[in-house]
Amino acid sequence: MSTNNDPNAALHEAATKALNALRQVATDPLTVEELAAALDRINALALPVADSLKCPHCQYAGEVETDNGGTFRYLVSTTAWREIVESKKSRRKTKPQTIIVDGLSHTYDEDEETNDRIECRKCMKEFLLAKSIEVEFV
Ligand SMILES: [Zn+2]
């Protein structure tokens, strides 16, 4: 993080970090998976890291269930897909084509889950857990 309050310096620092994160995963040409991994890293730069299950945004530690239900949620990113039902071409050249998509979405179970993070159900903001915290899936 920037040590001064100059918003341009903070923005420059964030952009430099994002570019470096992109360089760490990118080869030329980028695949969709490489780009997604780079975006995950860039998004993670914006999240604070907690060394315990306590929200760094609002200090909530999960003592009581929130009005939003539950205490914390473990979030991951997956690829969701929807069937394209129909493609309609417009009779007028000035109007674009319309794609009709099924509202029901599915996930690609064979895809690896990425971008692990915690959602605070009190303030609804996200944060990362320090690598020192062990996570067991049951
Ligand atoms: Zn919170």
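Contact here means that the C-beta atoms of two residues, placed from the backbone, lie within 7 Å.

Before you click further, note that you are looking at a predicted model, where local features need pLDDT of at least 70, side-chain atom pairs count only at pLDDT 80 or more, and totals for chains, interfaces and linings use all residues. Numbering runs from 1 along each chain as its sequence is written.

Now switch to cartoon. If you colour by burial, buried residues make up 3% of the 138 residues. Buried means 20 or more other C-beta atoms within 10 Å of a residue's own, exposed means 12 or fewer, and partly exposed is in between, with C-beta atoms placed from the backbone.

Next, select β1, β8, β7 and β2. In that order they form an open sheet of 4 strands with mixed pairing. β1 (49-50) and β2 are the edge strands, each with a single partner, so one side of each has no neighbour in the sheet. Two strands count as paired if DSSP finds at least two bridges between them. In general, strands of a sheet pair through backbone hydrogen bonds, either parallel or antiparallel.

Zoom in on residues 72-77 and 114-120. These are β2 and β7, an antiparallel pair with 5 bridges. Show Arg73 and you'll see Glu119 of β7 opposite; show Tyr74 and the residue opposite is Ile118, also in β7.

Keep Ile118 selected and look towards β8. Which residue of β8 does Ile118 stand opposite? That's Phe127. β8 covers residues 126-129 and runs antiparallel to β7, with 2 bridges joining them. The two strands make a hairpin with 5 residues between them, and Met124 in the turn has a positive phi of about 65 degrees.

Last stop: Thr66, in the loop between β1 and β2. Is Thr66 buried, exposed or partly exposed? Thr66 is partly exposed, because 16 other C-beta atoms lie within 10 Å. Leaving out residues up to four places away in sequence, Thr66 touches Thr71, Arg121 and Lys122. Draw a distance from Thr66 to Lys122: their C-alpha atoms are 5.6 Å apart, although 56 residues separate them along the chain.
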